Amino acid sequence: MLVIVGYLVVVGSVLGGFMLHGGKLGALYQPFELLIIAGAAIGAFVVGNNVKTLKATFRSLPPLLKGSKYTRARYMALMALLYDVLTKIRKEGMMSIERDIEAPGESAVFGRHAEIAADHHLMEFITDYLRLMVSGNMNPMEIETLMDHEIDTHHSEGDIPAQAIQKVADGLPAFGIVAAVMGVVNVC
C-alpha cells in the first residue's frame with residue numbers, strides 16, 4: 001500500500017509543480033512517445049533476460065504492492081517455534097525431534113506454529129539444519145558456514161528480478177531520447 005501512496009505523491013508532485021510553474025498538462029500527453037519508450041523497454045527486458053529471470057520477475061511483481069510479510073509478530077512466532085524445539089531437545093534429547101523434522105506437517109511442535117509452518121522455504125531451511133544436527137556428522141562451525149552459504153545463495157537468487165529491472169531502468173533515458181528525436185523528426 002505504501003508503494004502506491006509513494007507513486008501517487010511522486011506523480012502528484014511532478015504534475016503539480018509543472019502546473020504551478022505555468023505548464024499545460026495537455027503538452028505532456030504524448031501517447032505515441034510513451035508507446036515507443038514502454039515498448040522499447042519491454043522489448044529490451046525480454047531480449048536481455050532468460051526465461052527463468054522473466055518468470056521470477058513477473059512472480060515478484062504482485063508482492064511488491066503488498067506489505068512486507070516480515071513483521072515483529074512473525075519474528076516472535078519464529079522465536080517461539082525455535083524455543084519449543086530447543087526445549088524439547090533439552091528435556092528429551094536430540095533424537096526426540098527426529099520425527100518432528102522428518103514430517104513437520106504431522107508434528108505437534110510445528111503444528112502449534114501455523115504461520116511459520118505455512119512458509120515452505122523457512123520450514124525446509126529449519127528442518128534441513130536440524131536434521132544435520134540430529135545426525136551429528138558435522139561440527140557447529142561447519143553447519144554455520146553451510147547456513148551462511150545457503151542464505152547468501154537465497155539472497156542472490158532473490159536479487160535477480162531487481163537487477164533485471166534495474167538494467168532496463170538504466171536504459172530508459174536512452175529510450176526517452178529516441179522517442180523525443182523521433183517526435184522532432186516527425187514534426188519536421
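Q: Which helices each supply at least two residues of the lining of the second largest pocket?
A: They are α2, α3 and α9. Please note that this is a predicted model.

Q: And which of them gives the most?
A: Helix α9 does, with four residues.

Q: Which residues line that second largest pocket?
A: The lining consists of Ala41, Ile42, Phe45, Thr57, Phe58, Leu61, Ile165, Val168, Ala169 and Leu172. By class, nine are nonpolar, one is polar and none is charged.

Q: How much space lies in it?
A: The second largest pocket holds about 200 Å³.

Q: What about the largest pocket, how much space is there?
A: About 1,800 Å³ lies in the largest pocket. Its lining is made up of 41 residues, and Lys69, Tyr70, His121, His154 and His155 are the ones nearest the centre.

Q: Which elements give two or more residues to that lining?
A: Helices α3, α4, α8 and α9 (140–187) do. The largest share, twelve residues, comes from α9.

Q: How does the lining of the largest pocket divide by class?
A: There are 23 nonpolar, eight polar and ten charged residues.

Q: Changing topic: how many aromatic pairs does the structure hold?
A: It holds two. In one of them, phenylalanine 45 and phenylalanine 58 have ring centres 6.2 Å apart and planes at 80°.

Q: Why is that pair edge-to-face?
A: The planes stand at 80°, and an angle over 60 degrees counts as edge-to-face. The pair links distant parts of the chain, with phenylalanine 45 in helix α2 and phenylalanine 58 in helix α3 (residues 51–65), 13 residues apart.

Q: Is phenylalanine 45 buried or exposed?
A: Phenylalanine 45 is buried, because its relative accessible area is 8%, and the limit for burial is under 20%.

Q: What is the geometry of the pair formed by phenylalanine 125 and tyrosine 129?
A: The ring centres of phenylalanine 125 and tyrosine 129 are 4.9 Å apart and the planes are at 55°, so this pair is tilted. Both residues belong to helix α8 (residues 120–135), where they are four residues apart, about one turn of the helix. Tyrosine 129 counts as buried, at 5% relative accessibility.

Q: Now the core. Which residues touch the most other members of the largest nonpolar core?
A: Leu81, Val85, Ile97, Phe110 and Leu130 do, out of 14 residues in that core. Two or more residues come from each of α4 (72–92), α6 (108–111) and α8. The largest share is that of α4, with five residues.

Q: What is leucine 130 in contact with, leaving aside its neighbours within four places in sequence?
A: Leucine 130 is in contact with Val85, Ile97, Ile101 and Phe110.

Q: What does the second, separate core include?
A: That core has five residues, among them Ala41, Leu54, Ala164 and Val168.

Q: One more residue: where is valine 46?
A: Valine 46 is placed in helix α2 (residues 31–48). The C-alpha atom of valine 46 is separated by 9.8 Å from that of alanine 164, although the two residues are 118 residues apart along the chain.

Q: And how does the relative accessible area of valine 46 classify it?
A: Valine 46 is partly exposed, because its relative accessible area is 44%, between the limits of 20% and 50%.

Key: Residues are numbered from 1 along each chain as its sequence is written. This is a predicted model: local features need pLDDT of at least 70, side-chain atom pairs count only at pLDDT 80 or more; totals for chains, interfaces and linings use all residues. Side-chain values use heavy atoms; hydrogens and water are left out. Buried means under 20% relative accessible area, exposed over 50%, partly exposed in between (1.4 Å probe, protein chains only). Rings of Phe, Tyr and Trp (its six-membered ring) pair if their centres lie within 6.5 Å; planes under 30 degrees apart count as stacked, over 60 as edge-to-face and the rest as tilted. A nonpolar core is a set of buried Ala, Val, Leu, Ile, Met, Phe, Trp, Tyr and Cys residues joined through side-chain atoms within 4.5 Å. Contact means heavy atoms within 4.5 Å. On a 1 Å grid over the protein atoms alone, a cavity is a set of points where a 1.4 Å probe fits but cannot get out, and a pocket is an open set with protein on both sides within 12 Å along at least five of seven lines; lining residues have an atom within 4 Å of a point. Grid points are joined across faces, edges and corners, and a volume is the space filled by probe spheres set on the points. Ala, Val, Leu, Ile, Met, Phe, Trp, Tyr, Cys and Pro count as nonpolar, Asp, Glu, Lys and Arg as charged, and the others, Gly among them, as polar.
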